[in-house]
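Me: I'm new to this one and would like to learn how to read it. Could you walk me through it, feature by feature?

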There are 2 protein chains.
Amino acid sequence: MNIPKSNFSEWYNEITKEAKLCDLRYNVKGFVVFMPWSVKTMKIMYADFEKELESTGHKPALFPALIPESNFKKEGEHVEGFVPEVFWVTHAGNDELEEKLAMRPTSETAMYQMYSLWIQGLKDLPLKIYQSCQVWRHETKATKPFIRSREFYWIEAHDVFATEQGARDQVAEDMRTTEKVMHQKFGIPFFFFRRPQWDKFPGALDTFAADTLMPDGRALQLPSTHLLGQNFAKPFDVKYTDEKGNSEYCWQTCYGPAVSRIYAGLISTHGDDKGLVLPFDLAPVQVVVVPIPRKGNEAPLYAKAKELASTLVAAGFRAEADLSENTPGFKFNEWEMKGVPIRIELGGRELENKELTLCRRDTLAKEKIPEAQLLSRVPVIGAELSANLLVKADEHFKNNTRKANTIEELESELKKGGFIAVPFCSLEKSSKPCADKVKAVNAGDVRGTLFGNDEKPKAGEKCIACGKSAHEIVYVARQY
Amino acid sequence: MNIPKSNFSEWYNEITKEAKLCDLRYNVKGFVVFMPWSVKTMKIMYADFEKELESTGHKPALFPALIPESNFKKEGEHVEGFVPEVFWVTHAGNDELEEKLAMRPTSETAMYQMYSLWIQGLKDLPLKIYQSCQVWRHETKATKPFIRSREFYWIEAHDVFATEQGARDQVAEDMRTTEKVMHQKFGIPFFFFRRPQWDKFPGALDTFAADTLMPDGRALQLPSTHLLGQNFAKPFDVKYTDEKGNSEYCWQTCYGPAVSRIYAGLISTHGDDKGLVLPFDLAPVQVVVVPIPRKGNEAPLYAKAKELASTLVAAGFRAEADLSENTPGFKFNEWEMKGVPIRIELGGRELENKELTLCRRDTLAKEKIPEAQLLSRVPVIGAELSANLLVKADEHFKNNTRKANTIEELESELKKGGFIAVPFCSLEKSSKPCADKVKAVNAGDVRGTLFGNDEKPKAGEKCIACGKSAHEIVYVARQY
C-alpha cells in the first residue's frame, strides 16, 4: 500500500484494487465485478445474517427479479421514490413486451401480492420471509465500489403481523440482529437511528437505520428497517381474518442488510496503512504459512509448510502455504495487505527446533510457539484479534460522538467528523427547513434520534437551527 | 396426495403445490416464486456443489447481471443461439439507454472480457472461477416449475487453460464433480453424454451433458459442460504469453449445474405415492416429533416432544416438534408428503417406558428404541435411508437402459421409456438427417455417446436410420 489510511478516500480506492476485491473495468457504467477475495468474505457474511434471521423464525424464499410496472403503481409514495431509478425491461428477443417489467430495486411490490394469497387467518401470522439476492438501482449519485453501485447484494426480510405492536417489536428485533451480526461478529459499531420523516423509505411510516462511521468521519448507512404500517397491506390486500371473523389489514416491516455495502464498512473500519485487516471468522484465508528458505533447506521447509497448512485445514481452518517463487518479504507484504489474520513464519531455526513463529495481523506482534501447540494457539490468537478489532472500532466510534449546542459549535465539530448530538425541533416533516438550514451551513445531515433511547433535550434547550424549543436530541453527520 | 406417482405429470404438479415448493400465481408469465421448503433444500444443494468446486480449485466471483448488446455480437453462433431468448433492458428511469443491455442468459460474454484483463502469463493459468446466480431466458417452450422457467438458479463455472488437454481434462473433472455431488449426495443417477454436433451449446466445440431419467421414462438434462475451445478466446482476446514469449489464445470450458432444475430431478427421482422423499442431508427438517396425546397427558407429552427436538437441534440435526392442533393422523400425512426422513412418534406408552418409535420415510418401517439411543440412531437411519434411495434410483435407471438394433425395435422400446442404445452413423452435423428421421418416427432424441466409454458398434452393424455403416453407439430417449 502506498497510501496511508489517513488519506481515506484514496486508500479505499487503492485497497479495492490492490487486494483484488473488485474490478471497475466492466463495460456497463456503475456495475462492478466482485472478485474472489471479497466474495469469499461476503459469502460468510451472508451465512451469518441468514443463520441469525432463521433463528428468529425467518424462512428463505426466492421471488422473481422482474416486477410488472402495474405492481409499482399500487403504492403512491413507493412509485415516486423508486421509479426514477428503475431499469426497465421492454423487450424479449425481438418482441416488445405487453407490459414493461422493472428489475427489482427492492421487492415489496413483488412479494406482497403473494402474501395476500398466503395469509388468511391468525394461524398464518407472523409471516417472516427473507431472500438473499441482488437488486438494481440506476443511481445518479457518484458510484463507489461496494458503497454505492447500480447493482448490489443484500438480504431483504419482509415480515407481516396482525398488530402494530408486532411490527414495532420486529423493529427492535432487527436492531438486535444487526447488533449480534454486524457489531459482534463483524466488529462494525453503529447507531440505530429513527430517521426524520423527510428521510424515510418511500411508502413507510417510519424508517430506522444503522449508521456506522467511516474513517473520514462520515456516516455510512448500513441495514435499515422500515415500519410499513398498513401502507402496503391496503393496496396489496394483505389481510387476515381475526377471531371474530373480521377482516383486518396486516402490519408490515422490512429489513435490508446490504451485504456488499456492509463489506465496505468492514474493510474501512478495520483496515490500516498496510491494507486490509479481517476478523478471524471472516477471512478467506485465516492462516498463511510462509517458508523462509536458505540454500539447501528448501525441500524440507516447503514440505513442512505444506504439512502445517494441511494440518490446519484438516482441523477446519482456512489455511494456505505460500510456496510461490516470491521472496519472503514480498509474501509478508502481500498477505498483510490482504488482511490474513495469522502468518506463520517458518525458517531453518523453526524447523530444527520444532517451533513456529506466529505473527498476528492487527498488532503485528510475533510469538514463538512449540509446533505441537499450533492447533490450540491459532483459534486463541484469532479470537483475540477479532476482539481487539471490535474494541478499537468501538473506541474510534465513541471518540467521534460528541455534542454541540449551537449551529456554530456543530459546524466546528463536524469539521472533525463524527456524529454530533444537538438539540433540535423534531423529526416531523414540519422541521425539514431546520434540517435544510443545518445542511446549508455545514453539509451535515440530520440522521435521526437514537432508537430505544429516551434521550431528550433539557428544559429550555433550543433547536440549533430555528431557536425554538427543542423536542429531540438528533445526531448530525456528513454522510455517504 | 391424491394422485399416484405412476401418473407422473399430474403427480408432479400436485406435489409442487401441496408441499408448497413454489407458487405459480406470480403475475409475470414463466416466472415462479420458490417457497421456503424448496429453497432450504436448494441452499444445501448449492453449498454441496460450491464445496466440491472449491476443492478442485475454483474461486467464487460475482459478475453483473447486465451485459451490453455489443458483447453478445462478438461470438457469432452464441449471438444466434441466445439473442432470441434475451430479456432486454432499454430504459433506466425515464431515459433510454445508449446501448441496450441483456439480462444474462449465461455469462460467457460478461466474464471473458474481464478474463482478457486478468490473464497475462502462464502463472495466471488455469483460471477457475464460478458464480452462483440466477439467469433469465425467454423460453418459448411450455414452462414447468423447476424444470423449465424463464428465470432459473444455477452455478456457472468458467475455466481457462493454456492447452487443449487442460480443457479436455476439465470436462472429465466436471463429470466427476457431477458424480460426487449429484449422484453420490443427491442420489440422482445420470449418463454423461457427448452431445451430437447439432445439439451443442452455441459457440462451443463440443457439449457434454448429464442426463437423468424422469419417472415417465423421459430424459432430463442436468449439468452440462461445454468445451469452448478457443471460440470465445479469440473474439474476447483471452490470451497468455508462453515461456518463449509467444502470445497464445487460451482454451476454455464452462460447466453449469442448474440447481433449480436438479431439484426437479431430486423430487422426481425419490418421490412416491405419498409425496416427497428427501435424502437425509438435503431435508429442511430431518426429524419431526409428533406427539400422540390422550386426555390428561398432553402437557408432559408436549414437553417431552419439545425436549427431543431441542436435543436433536443441539446435536446439529434439523428437527422440529409438531405441536399444532392437527390430529396425529393429519400430521403423519403432512410430514410424509413433505418428505421428512424420520418421524418420531411419541405416545403415552413411549413416555412411560422412555422409548421412542421411529418411522423412516422411504420404507415407512417403524422401530422402537430406548430414548437414550436417539442421537446415535438418527444418523444411522438417515444414512441408511439416503443409501437406499440411491440404490433404488440406480436400479430404476439401469432397468430403463436397453438396446435396439432397428428403428422398429427402437420405437417399441421408447414406448416403454428410458434410454435406448442403438447403432448410429455419427455425431457429426452430416448425420443430423438420421437424427431427424428417428425423431419423426418415434419422437426420440439422440442424446449422444457415453463420455469416457469406448463402446462402439460391432463390425457390420448399421445405422438404424439410414442403414449405412454405424460408427457410434448413441442413446436415444424422449426428452424434457
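Predicted model: local features only at pLDDT ≥ 70, side-chain atom pairs only at ≥ 80, totals over all residues.

**Two chains and an axis**

Reply: Let's start with the pair of chains. Residues are numbered from 1 along each chain as its sequence is written, and chains are lettered from A and ligands numbered from 1 in the order in which they are written.

Me: What does a rotation plus a shift tell me in general?

Reply: Two copies of a chain are related by a rotation about an axis and a shift along it.

Me: How many residues of chain B are in contact with chain A?

Reply: Contact means that the C-beta atoms of two residues, placed from the backbone, lie within 7 Å. By that rule, 42 residues of chain B are in contact with 42 residues of chain A. Strand 5 of chain B gives the most to this side, with six residues. The residues on this side of chain B divide into 28 nonpolar, seven polar and seven charged. Here Ala, Val, Leu, Ile, Met, Phe, Trp, Tyr, Cys and Pro count as nonpolar, Asp, Glu, Lys and Arg as charged, and the others, Gly among them, as polar. Because 100% of the interface residues of chain B are also interface residues in chain A, the copies meet through the same surface.

Me: In which sense do strand 5 of chain A and strand 5 of chain B pair?

Reply: Strands (E, at least two residues) and helices (H or I, at least four) are DSSP runs numbered from the N terminus, and two strands pair if DSSP finds at least two bridges between them. Strand 5 of chain A, residues 87-92, pairs with strand 5 of chain B in the antiparallel sense over five bridges. Across that pairing, His91(A) stands opposite Trp88(B).

Me: Is Phe63(B) buried or exposed?

Reply: A residue is buried if 20 or more other C-beta atoms lie within 10 Å of its own, exposed if 12 or fewer, and partly exposed in between, with C-beta atoms placed from the backbone. Phe63(B) has 24 C-beta neighbours inside 10 Å, so it counts as buried. You'll find Phe63(B) in the loop between strand 3 and strand 4 of chain B. Leaving aside neighbours within four places in sequence, Phe63(B) is in contact with Val33(A), Ser107(B), Ala110(B), Met111(B) and Gln131(B). The C-alpha atoms of Phe63(B) and Ser107(B) are 8.0 Å apart, though 44 residues separate them along the chain.

Me: How do I read a strand inside a sheet?

Reply: In a regular strand the side chains alternate between the two faces of the sheet. Take strand 10 of chain A: Asp206(A), Phe208(A), Ala210(A) and Thr212(A) point one way, Thr207(A), Ala209(A), Asp211(A) and Leu213(A) the other way, and all are buried. With eight of its eight residues buried, strand 10 of chain A is therefore largely enclosed by the rest of the structure.

Me: Which strands pair with strand 10 of chain A?

Reply: Strand 11 (residues 219-229) pairs with strand 10 (residues 206-213) of chain A in the antiparallel sense over seven bridges. There, Ala209(A) stands opposite Ser224(A), and Asp211(A) stands opposite Gln221(A). Strand 9 (residues 191-194) of chain A also pairs with strand 10 in the antiparallel sense, over four bridges.

Me: What is the order of strands in the open sheet of chain A?

Reply: The order is 3-7-8-14-11-10-9-22-23-21-20, an open sheet of 11 strands with mixed pairing. Strand 3 (59-60) and strand 20 (401-403) of chain A stand at the edges with a single partner strand each, so one side of each is left without a neighbour in the sheet.

Me: Where are the cis peptide bonds joining Leu125 and Pro126?

Reply: In chain A, the bond from Leu125(A) to Pro126(A) is cis, with omega near -10 degrees. Pro126(A) is in the loop between helix 5 and strand 7 (127-136) of chain A. In chain B, a cis bond joins Leu125(B) and Pro126(B), with omega about -10 degrees.
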